[in-house]
Amino acid sequence: MNNVLSGVWALLLGIVLIMLGNGMHFTLIGLRGGIEGFSSTELAIVTSGYFMGFLSGARYTPLLIQRVGHVRVFAALGSFMSAALIALPLLAEPWAWTLLRVLVGFCMSGIYVTSESWLNAAATNETRGKVLSAYMMAQTLGIIGAQGLLTLGDAGTSVLFICASILVSISFAPILLSAAAAPVVSVARPMSLSNLFNVSPLGAIGIFLLGGVYAIQSGMGAVFGTQIGLSSTHIALFVAMLFAGALVMQTPIGWLSDRMDRRILICGLSVMGAGSSMMGWMAGDALWPLIAAAFFAGGVTTPLYALLLAYTNDALSAEDMPGASGGLVFAFGLGAILGPLAAGGMMEGVDPYAFWLVIAVTFVAIALYALYQMTQQAMVPVSETDSYLNILPTASPLVVEVAGEWAHEHAEDEHEAREREAEYEGESALEAEREPTLEPELPGAELPATRQ
């Protein structure tokens, strides 16, 4: 692993710094919005604006890169994002924040595409799986670390927004200085949602619903904490736990994914997410039950995303994977736009604890649809499924496409290795049967004299 990281550590450092800045601004929106007196609906629209920009950036950034090159696109998007983060406290109006968040989302999506293309070019076929896993871990650690930085300042001032802007600005240095030749970026045209549904109904519906869950958790978590009266430190801890749970639970869930019917696991994790959300709803403003609910509800969200990607890949040919990857990211983005709007409306119309109810109902919908699909389609044998890989919902279509191809190739290699091992064991057993049985040597028997 050290040999793998030695070639990409600077790129990963840049990613951590980007996520520190982006993670800070996500929580700051909820904190500062509460100070400014924004309603839940207004903050929900602001949250959805980010995902509208993110979805647009994923579609158009590759075209910009092909036109003017990696470095120019990367520098331009970084400059616009840094400026938008500083402008947020200066233009504290819902309409202005929505526009700025659309811009930030577009820039972040483009930054992901650009940096991920460099990271993919720096990996080899042998190291690509480990590099992608390290990349996802760097993203998660950056988001969690950002919540700790929020405790060092006051959301009522511009200081934390400026710090987020600085982190994003300096993150480009290690990435640009370590990136070698600009790789070719070619993102396949997304598969239409109707075709995606025909290929994998559970993948299409599940990823759409999960987009809403992820956007509510990441975008409205700080809004919920503010409205129930948590301190800024406790809100930062609450948001951090939404992502820390995924860091802990990803590996065991991935291990199970490669050894059982993935629909059963999707259903089970969704039930777990719904149960954790109901625990958060019943917890009221009690801190530690809320932290536990965030840990488990957030902990199943990211693994579910990777699990739904893997399940969809199982039903695809290698030629269809690139287009389906784009279609899945698009479906997830649509859910991420609509989810906060539903949660914001419920939080304003009912009470702030509707945050948990909307998440729970969405998890239940995923679980029920997974159960329904188990009655409609036969199970894919485990030996014919692709490998599971830790992919975060923030990944661009480029990484989703690359990860899908790697998982398919890795599964084929493992299948061939198992076949060779079975053949070797069979040959060894056959040879053992053919060997003559040696007579045991009698005690005291003398060896025959050696002929002189």
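Tutor: A search of the whole structure finds zero disulfides, a disulfide being a pair of cysteine sulfur atoms within 2.5 Å. Two cysteines can still be placed by their accessibility. Cys107 counts as buried because its relative accessible area is 1%, whereas Cys163, at 33%, is partly exposed. Here buried means under 20% relative accessible area, exposed means over 50%, and partly exposed is in between, with a 1.4 Å probe and protein chains only.

This is a predicted model, in which local features need pLDDT of at least 70 and side-chain atom pairs count only at pLDDT 80 or more, while totals for chains, interfaces and linings use all residues. Residues are numbered from 1 along each chain as its sequence is written, and side-chain values use heavy atoms, with hydrogens and water left out. The mean pLDDT (the predictor's confidence in each residue, from 0 to 100) is 83 for the chain, and 83% of the residues reach 70 or more. Over residues 445-452 the pLDDT falls below 50, and this stretch has zero contacts in the model beyond near neighbours in sequence. A contact means heavy atoms within 4.5 Å.

The chain has 15 helices and zero strands. Of the 452 residues, 55% count as buried. Among contacts with a separation of 6 or more, 87% join residues 24 or more positions apart.

Rolling a probe the size of a water molecule over the atoms shows where empty space is left. In this search, a cavity is a set of points on a 1 Å grid over the protein atoms alone where a 1.4 Å probe fits but cannot get out, and lining residues have an atom within 4 Å of a point. Points are joined across faces, edges and corners, and the volume is the space filled by probe spheres set on them. Five cavities of 30 Å³ or more are found in the whole structure. Two or more lining residues come from each of α2 (9-36), α3 (40-68), α6 (128-150), α9 (201-227), α10 (232-257) and α13 (321-349). Helix α2 gives the largest share, five residues. By type, the lining has 17 nonpolar residues, seven polar and no charged; Ala, Val, Leu, Ile, Met, Phe, Trp, Tyr, Cys and Pro count as nonpolar, Asp, Glu, Lys and Arg as charged, and the others, Gly among them, as polar.

Thr226 lies in helix α9 and is partly exposed, with a relative accessible area of 25%. Leaving out residues up to four places away in sequence, Thr226 touches Gly30, Leu31, Gly34 and Ile235. Thr226 and Pro352 are 126 residues apart in sequence, yet their C-alpha atoms are 9.4 Å apart. Gly69 is in the loop between α3 and α4 (70-90), and counts as partly exposed because its relative accessibility is 23%.

For contrast, Ser171 in helix α7 (residues 159-178) is buried, with a relative accessible area of 0%. Its contacts, again without residues up to four places away, are Gly14, Leu17 and Ile18.

Key: 1 Å grid on protein atoms, 1.4 Å probe; cavity = no way out; pocket = protein on both sides within 12 Å on 5 of 7 lines; lining within 4 Å. Helix = DSSP H or I, 4+ residues; strand = E, 2+ residues; numbered from the N terminus.
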